[in-house]
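Please look at the sequence and the structure below, and keep both in view while reading this briefing. The points that follow are grouped by topic, so that each residue can be found and checked in turn.

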Amino acid sequence: MANHKSALKRARQNEDQRLRNKSNKTRVKSVIKDIRTAVALNPSDQSLFPSLNAAKSVIDKASKKGSIHHRTAARKISRISRLINSVKS
């Protein structure tokens, strides 16, 4: 355990940030999973585009906050966009 005052503060900050990152990452995973299950259940559904925009927003916010890397965010958005576009055509 940390001994100095600054090290104790840093340990507290790290724990807060860990929980924040965990929450953001879980939210991203849930959104992606929801889209994948919706596509699997009803591939001809055209109402997936609003959920795609919501998913993009969640992923971009997680990237902006530093919970996930910006290239990881771009890859996830690209993959779900490709999935929905393949359903559309």
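A search of the whole structure, which is a predicted model, finds one salt bridge. The partners in this salt bridge are E15 and R18, whose closest N and O atoms are 2.7 Å apart.

**The salt bridge**

- Where do E15 and R18 stand relative to one another in helix α1? The two residues are three positions apart in that helix, which means that about one helical turn separates E15 from R18.
- The side chains of R18 and E15 are also joined by a polar contact, and its length is 2.7 Å.
- E15 has a relative accessibility of 36%, so this residue counts as partly exposed, and R18, with a relative accessible area of 42%, is partly exposed as well.

**The positive surface patch**

- Which residues form the positive surface patch? The patch is made up of R20, R27, K61, K64 and K65.
- Two elements, namely α1 (5–41) and α2 (48–64), each give two or more residues to this positive patch.
- One of the patch residues, R27, has its place in helix α1, and because its relative accessible area is 46%, R27 is classed as partly exposed.

- N21 is a residue of helix α1, and its side chain is joined to the side chain of S67 by a polar contact of 3.0 Å.
- Is N21 buried or exposed? The relative accessible area of N21 is 18%, and since buried means under 20%, N21 counts as buried.

**Buried residues and their separations**

- V28, which is also found in helix α1, has a relative accessibility of 2% and so counts as buried.
- Between V28 and S63 there are 35 residues of separation along the chain, while the C-alpha atoms of V28 and S63 are separated by 10 Å.
- In helix α2 one finds L52, and this residue counts as buried because its relative accessibility is 6%.
- How far apart are the C-alpha atoms of L52 and I84, and what is the separation of these residues along the chain? The C-alpha atoms are separated by 7.9 Å, and the two residues are 32 residues apart along the chain.

Conventions:
Residues numbered from 1 in each chain as written. Predicted model: local features only at pLDDT ≥ 70, side-chain atom pairs only at ≥ 80, totals over all residues. Heavy atoms only, no water. Patch = residues over 30% accessible without salt bridge, like charges linked within 9 Å, V, L, I, M, F, W, Y side chains within 5 Å. Areas by Shrake-Rupley, 256 points an atom, 1.4 Å probe, with all protein chains shown as cover. Salt bridge = Lys/Arg side-chain N within 4 Å of Asp/Glu carboxyl O. Lys, Arg positive; Asp, Glu negative; His and termini not counted. Charge placed at Lys NZ, Arg CZ, Asp CG, Glu CD. Helix = DSSP H or I, 4+ residues; strand = E, 2+ residues; numbered from the N terminus. Buried < 20%, exposed > 50% of the residue type's maximum accessible area, 1.4 Å probe, protein only. Polar contact = N/O pair within 3.5 Å; in protein donor to acceptor, adjacent residues only side chain to side chain.
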